[in-house]
Amino acid sequence: MYVLVTQSFGRETEYRRALFAILSFWAWYSGDIKQVRTHLFTDNPDYFKPFLGDIPIDYTLLTPEKIALMRGKIDFIHRMKICLIDETFVKYPGAKLLYVDSDTFFIKDPLPWMQSIVDGRSFMHVFEYKFEEYRHVPMPTYWAFINLIETKIFRTSKGERRVSLDMESWNAGVMGLPSSVAELLPDIYDLTDQFYPPTSHSTCEQYAFSLILKEQTQLSACAEYVFHYWENAEKVTADFVFNELFIEDYGGVYKETLLENIKILTTRLPVLFEEHVLSLQDRSMQAFSHNNFYLGYKFAWKAIKKGSVNPVFFKDVLYHVKRHLKK
């Protein structure tokens with residue numbers, strides 16, 4: 001049995017993103033529908049039911065109290081990811097999990113990927129970098145994390161351990177997890193709870209998943225099956241599209257063609273993200289912030305050629321040009 005699990009709470013834009021993520025799976029999936037359950041953690045199940053009523057789905061209600069409990073004593077929002085994966089393993093013993101953030105969607109039939117999730121093998125979206133590569137990134141939270149792992153010994157169920165700068169970060173927006181990973185979650189909790197308080201780094205749970213899954217399983221990428229649009233400009237673009245897609249008058253012909261329309265959109269959105277002026281501006285700033293000036297200029301010039309660039313963007317580019325010249 002497989003469980004597609006995600007979370008969505010807070011506002012309607014988040015709900016629409018999760019709808020698209022879930023429905024994109026069912027638009028592409030070619031296997032036996034009886035082999036898959038969807039498990040959605042949300043503060044508003046009633047919003048989803050008109051759209052997902054025909055899909056095998058279970059809801060877990062996220063109350064303010066439950067959210068606070070999942071964030072833990074460290075009050076870290078992404079710690080919730082570990083908790084909901086933990087709860088899903090408990091709810092479906094022996095199941096294999098397909099975890100997806102709400103800002104994702106499937107871009108091809110996931111069945112071959114699902115069949116490759118076996119004990120001893122796990123998946124995260126894509127390899128990103130080794131910690132050593134980010135030593136000189138001009139961002140305080142990165143500096144804090146690098147300093148932490150260079151100076152601290154961490155506690156896990158297997159005793160004290162160090163974290164090497166040679167270790168890797170993989171993107172945790174998508175994960176494929178066999179049931180045996182449930183036994184590894186205590187160490188993922190432990191590392192997250194020790195990483196976050198001294199660094200306030202927003203990807204501490206990702207680092208914990210990356211370290212443990214890399215050490216305890218054969219870790220592979222699954223980006224060929226799922227697209228993760230985590231950049232803000234991509235989210236703005238997606239929200240505009242989803243606002244037109246998920247209409248209130250649900251039923252009839254619309255209901256029959258919804259999955260077909262979503263499947264078509266999953267092939268078009270990555271191209272739209274790549275060329276939209278907001279995405280180009282965002283990629284330019286991301287490149288500059290990591291001292292990749294070549295890519296910063298490249299994306300900035302593409303954005304300028306498209307027009308509709310606001311004065312703030314020009315000001316930011318000028319700042320990085322001056323910074324580059326000083327270097």
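A pocket, as the term is used here, is an open set of grid points with protein on both sides within 12 Å along at least five of seven lines, and its lining residues are those with an atom within 4 Å of a point. In this predicted model, the largest pocket is lined by 46 residues. Those nearest its centre are Asn171, Thr203, His228, Trp230 and Glu231. The space within the largest pocket amounts to about 1,600 Å³. Sorted by class, its lining comprises 17 nonpolar, 16 polar and 13 charged residues.

The description now turns to the sheet. Strands of a sheet pair through backbone hydrogen bonds, in either a parallel or an antiparallel sense. Here seven strands form an open sheet of mixed pairing, in the order 3-2-1-4-11-6-12. Its edges are strand 3 (57-61) and strand 12 (218-221), each of which pairs on one side only. On average, neighbouring strands of this sheet are turned by 20° against each other, direction ignored.

Within the sheet, strand 1 (residues 2-8) pairs with strand 2 (residues 36-42) in the parallel sense, over seven bridges. Valine 3 stands opposite arginine 37 of strand 2. Helix 2 (residues 45-52) packs on the sheet and touches strand 1, strand 2 and strand 3. The direction of helix 2 makes about 170° with that of strand 3.

The whole structure contains 31 aromatic pairs. One of them joins phenylalanine 131 and phenylalanine 145 edge-to-face, at 5.2 Å centre to centre and with 65° between the planes. Because phenylalanine 131 lies in the loop between strand 7 (127-130) and helix 6 (140-151), and phenylalanine 145 in helix 6, this pair ties together parts that are 14 residues apart in sequence.

Conventions: Residues are numbered from 1 along each chain as its sequence is written. This is a predicted model: local features need pLDDT of at least 70, side-chain atom pairs count only at pLDDT 80 or more; totals for chains, interfaces and linings use all residues. Side-chain values use heavy atoms; hydrogens and water are left out. Two strands pair if DSSP finds at least two bridges between them. Helices (H or I, at least four residues) and strands (E, at least two) are DSSP runs, numbered from the N terminus. Axes are lines fitted to C-alpha atoms, for helices over the stretch in contact, and angles run from 0 to 180 degrees between N-to-C directions. Contact means heavy atoms within 4.5 Å. On a 1 Å grid over the protein atoms alone, a cavity is a set of points where a 1.4 Å probe fits but cannot get out, and a pocket is an open set with protein on both sides within 12 Å along at least five of seven lines; lining residues have an atom within 4 Å of a point. Grid points are joined across faces, edges and corners, and a volume is the space filled by probe spheres set on the points. Ala, Val, Leu, Ile, Met, Phe, Trp, Tyr, Cys and Pro count as nonpolar, Asp, Glu, Lys and Arg as charged, and the others, Gly among them, as polar. Rings of Phe, Tyr and Trp (its six-membered ring) pair if their centres lie within 6.5 Å; planes under 30 degrees apart count as stacked, over 60 as edge-to-face and the rest as tilted.
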